[in-house]
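Subject: Structure handover

Hello,

Please find the structure below.

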Amino acid sequence: MIDFQQVLQGYQNKGHILKQHLSKKPESGVYLMMNPEGKEYVLRICDKRIEAYEAITGHLCPNLPRVYKACEAGGLFVVEEEYI
């Protein structure tokens, strides 16, 4: 299992709060987070790049949560998306 703590710690060091673990699998972790402004969002950390998230980043797509950010961090793929 991959240790996602380094990425989570980076977010927490910037004032983000981990509210809940939504899902944790060997290849990915999904977390409910709150940013410093008090807005909740979903943080996904994956062991591989997912191009679909990159393609819809910043776009409004009907019936899909908005993806705010998709990037690599600490050798992992990280996605910040709207919490619905």
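Ser28 touches Phe4, Ser23, Ile45 and Cys46, leaving out residues up to four places away in sequence; a contact here means heavy atoms within 4.5 Å. Ser28 lies in strand β2. Strands (E, at least two residues) and helices (H or I, at least four) are DSSP runs, numbered from the N terminus. Ser28 counts as buried because its relative accessibility is 15%. Buried means under 20% relative accessible area, exposed means over 50%, and partly exposed is in between, with a 1.4 Å probe and protein chains only.

Before going on, note that this is a predicted model, in which local features need pLDDT of at least 70 and side-chain atom pairs count only at pLDDT 80 or more, while totals for chains, interfaces and linings use all residues. Residues are numbered from 1 along each chain as its sequence is written, and side-chain values use heavy atoms, with hydrogens and water left out.

The nonpolar cores

A nonpolar core is a set of buried Ala, Val, Leu, Ile, Met, Phe, Trp, Tyr and Cys residues joined through side-chain atoms within 4.5 Å. The largest one has 11 residues: Phe4, Val7, Leu8, Tyr11, Tyr31, Met33, Tyr41, Leu43, Ile45, Leu76 and Val78. At least two residues of this core come from each of α1 (5–13), β2 (28–34), β3 (40–46) and β5 (76–82). Another core, of 6 residues, lies apart from it, and includes Cys46, Tyr53, Val67 and Phe77.

What does Tyr31 touch, not counting residues up to four places away in sequence? Its contacts are Phe4, Leu8, Leu18, Gln20, His21, Leu22, Lys24, Tyr41, Val42, Leu43 and Ile45.

The strands

Two strands are called paired if DSSP finds at least two bridges between them. β2 and β3 run antiparallel and are joined by 7 bridges. In one of these strands, β3, Leu43 is the bridge partner of Tyr31. β2 and β3 form a hairpin with 5 residues between them, and Gly38 in the turn has a positive phi of about 90°.

The loop between β2 and β3 also holds Asn35. Asn35 is buried, at a relative accessible area of 16%. Apart from its neighbours within four places in sequence, Asn35 is in contact with Gly15, His16 and Tyr41.

β3 also pairs with β5, in the antiparallel sense, over 6 bridges. Here Cys46 has Phe77 in β5 as its bridge partner. Why is β3 described as largely enclosed by the rest of the structure? The reason is that 5 of its 7 residues are buried.

The salt bridges

Side chains of opposite charge can pair when their charged atoms come close. A salt bridge is counted when a side-chain nitrogen of Lys or Arg is within 4 Å of a carboxyl oxygen of Asp or Glu. The structure holds 4 salt bridges.

One of them joins the side chains of Lys19 and Glu40, at 2.4 Å from N to O. Lys19 is in strand β1 (residues 17–25) and Glu40 in strand β3, so this pair ties together parts that are 21 residues apart in sequence. Both residues are partly exposed, Lys19 at 41% relative accessibility and Glu40 with a relative accessible area of 25%.

Arg44 forms a salt bridge with Glu81, and their closest N and O atoms are 2.8 Å apart. Because Arg44 lies in strand β3 and Glu81 in strand β5, the pair ties together parts that are 37 residues apart in sequence. Arg44 counts as partly exposed at 25% relative accessibility, whereas Glu81 counts as buried at 4%.

A salt bridge also links the side chains of Arg49 and Glu54 (2.7 Å, N to O). Salt bridges that share partners join Arg49, Glu51 and Glu54 into one network. Arg49 is partly exposed, with a relative accessible area of 47%, and Glu54 is partly exposed, with 30%.

The cysteines

How many disulfides are there? The count is 0, where a disulfide is a pair of cysteine sulfur atoms within 2.5 Å. For Cys61, the closest cysteine sulfur is that of Cys46, 18 Å away, which is too far for a bond. Cys71 is in no disulfide either, and its nearest cysteine sulfur, in Cys46, is 11 Å away. Cys61 is partly exposed at 24% relative accessibility, and Cys71 is partly exposed with a relative accessible area of 22%.

Regards
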